[in-house]
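Here is a short report for a reader new to this structure.

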Amino acid sequence: MIILVLNCGSSSLKAAVIDTQSSRRLCDLRVERIGPSAELRVDGVLRPGAVAADPAAAVGLVLEALRGAGLERGIAAIGHRVAHGGDRFVQPTRVDAELVEAIAGLTPLAPLHNPAALAGIAAAQAAWPALPHVAVFDTAFHATLPRRAREYALPRDLRERLSLRRYGFHGSSHAFVAAEAARHFGVPLESLRLVTCHLGSGCSVAAVEFGRSVDTSLGMTPLSGVPMATRPGDLDPGMLLYILEQTGMAVSELGRLLNRESGLKGLAGTPDMREIEERAARGDDDARLAIAVFAYQVRKYIGAYAAAMGGLDAVVFTGGIGENSALVRHRIAQRLDFLGAPLDEDLNRDARVGNGRRVAEVSEPHARVRLLVVATDEELQIARDAARLLGGERELSGGLAVPISISARHVHLTQASVEALFGPGATLASHRAVTQPGQFAAKQTVSLVGPKGRLDGVRIVGPARAHDQVEVSRTDEFLLGVDAPVRESGDIEHTPGIRIEGPAGAITLRKGVICAWRHV
């Protein structure tokens, strides 16, 4: 499927025509500095005479360029990057009037980003009214955050009334580079624990555990986490109250300070890391401070997420700074040896990605935790997401039926455990067959007893296995008071245990409680 992807910002428009079957870019377009000095580049070549006073005019330039290249007629759909989808939009979604209204309602959460996306959507719908338009949300990849990482320590009524929670951003980038890392290692993404560092004008760090985002540095808005080009990252909220009290600054002025005047610009007077590195090399103290603060904060998040996931397989650097600054990677990787992630200085200096090369490895050969530089491609990820949605719609309209089986909480037991719980010589008796060939729901049930609560009448799935295993839901975890990782059945290393009670006795498992990874 040929998809036109539009990533519309307040001052620039990135666009690409992508063949999702071959993952090939047919055309790459950029409108920079939207306004009186706008510039249009097509496949990197400057087109003189461009005029784009606003995002709608920028979309018009893209349309004109596509017509000139003969690509307009081949486009099957338009994919739009939207920064904030709130807690409602966690999948790619068809654009309609209701969606546009909902995105506008989320503007206070992303004041620099959602209005620009809406302007791009309106202009694109006017230019391509007959084509399907799909919104892909930056926040969607982080919809899997567990409650312990998602919720702020604020009163419940306030959290629920104002939807106060961590949403995260740069989801398309984190999803893309995590998948590329897995492809580089030749293993399923679901087997890896990664920290992905999207470092550019906007920055975020994400913990990706077994294919799911489980924590991320950006929160309810794109202001928290590590310092960015013009945004400060983590701040003491009391300091904001102090600034308002001491300066008499209006809330709108504070918003401008936080969104446009802070971060690298606040520390060094410029948001451009390339300029900061040049000045630091000449001995500029403010520039050196900016690099030190930036690298320290990123390194701190890497260490925190390694601890949160209970281990780490790789750290991934991406984004304009992450892909291109050997100095910043060097400063971040300092003192990561304790994780087993030593940086190879030569590989780091020589690392180049892009132009067909997706991944460069910059860790030493013996590294237990690998360090990767991965060229992100948010436009390709958005195109794939849009094509997946539209392809799925066609399949459903064709009447494809897929049988689904839901597996609720259950227990697998060894024969020794069966006898300990139900008496010597006891065996599991079939109550009914289940969808897995050769397995059955047993007539016998047990009770699960955790630190906080208990569940009675939990079904055993037979026949007896080589290892004891308990599979529970997220709700069950909270009831029992256990923290079960999401795992494939059978993967029980480094998992919590639990007490199991039967009519003839009880056993205490030292490990084996999981929340089953969804599977077919």
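R33 sits in the loop between β3 (24-32) and β4 (39-42). Strands (E, at least two residues) and helices (H or I, at least four residues) are DSSP runs, numbered from the N terminus. The model is predicted: local features need pLDDT of at least 70, side-chain atom pairs count only at pLDDT 80 or more, and totals for chains, interfaces and linings use all residues. Residues are numbered from 1 along each chain as its sequence is written, and side-chain values use heavy atoms, with hydrogens and water left out.

The phi of R33 is near 50 degrees, a positive value in a residue other than glycine. Most residues other than glycine have a negative phi, and most peptide bonds are trans. R33 is partly exposed, with a relative accessible area of 45%. Here buried means under 20% relative accessible area, exposed means over 50%, and partly exposed lies in between (1.4 Å probe, protein chains only).

F210 is not a glycine either, yet has a positive phi of about 55 degrees. Its place is the loop between β10 and β11 (212-216). F210 counts as buried, at 10% relative accessibility. The peptide bond joining G462 and P463 is cis, with omega about 5 degrees. P463 belongs to the loop between β18 (454-462) and β19 (469-471).

## Strand β9 and its partners

Strand β9 spans residues 193-199 and is mostly covered. Six of its seven residues are buried. Which strands pair with β9? Strand β12 (residues 314-318) runs parallel to β9, and five bridges join the two. Two strands pair if DSSP finds at least two bridges between them.

β9 and β10 form a hairpin, with three residues between them. In β12, L194 stands opposite A314. In a regular strand the side chains alternate between the two faces of the sheet.

## One side of helix α13

Helix α13 covers residues 326-333. Its buried residues are V328, R329, I332 and A333. They cover an arc of only 125 degrees around the axis, so they lie on the same side of α13. The arc is that of the directions from the helix axis to the C-beta atoms. Just after α13, R335 takes a positive phi of about 70 degrees.

## Salt bridges

How many salt bridges does a search of the whole structure find? The count is 28. A salt bridge is a side-chain nitrogen of Lys or Arg within 4 Å of a carboxyl oxygen of Asp or Glu.

One of them joins R358 and D377, at 3.5 Å from N to O. R358 lies in the loop between α14 (345-350) and β13 (359-361), and D377 in the loop between β14 (370-374) and α15 (378-397), so the pair ties together parts that are 19 residues apart in sequence. R358 is partly exposed at 29% relative accessibility, whereas D377 is buried at 7%. Both belong to a network of salt bridges that links R25, D28, R30, R358, D377 and E379.

E261 and R256 form another salt bridge, their closest N and O atoms being 3.7 Å apart. E261 is partly exposed, at 31% relative accessibility. R256 is partly exposed too, with a relative accessible area of 48%. The side chains of D456 and R454 also meet in a salt bridge, at 3.0 Å from N to O. R454 counts as partly exposed, at 39% relative accessibility.

## Cysteines without disulfides

A disulfide is a covalent bond between the sulfur atoms of two cysteines. The rule used here asks for a pair of cysteine sulfur atoms within 2.5 Å. By this rule the count is zero.

C27 is buried, at 3% relative accessibility. C203 is in no disulfide either: the nearest cysteine sulfur, that of C197, is 9.7 Å away. C203 is buried, with a relative accessible area of 0%.
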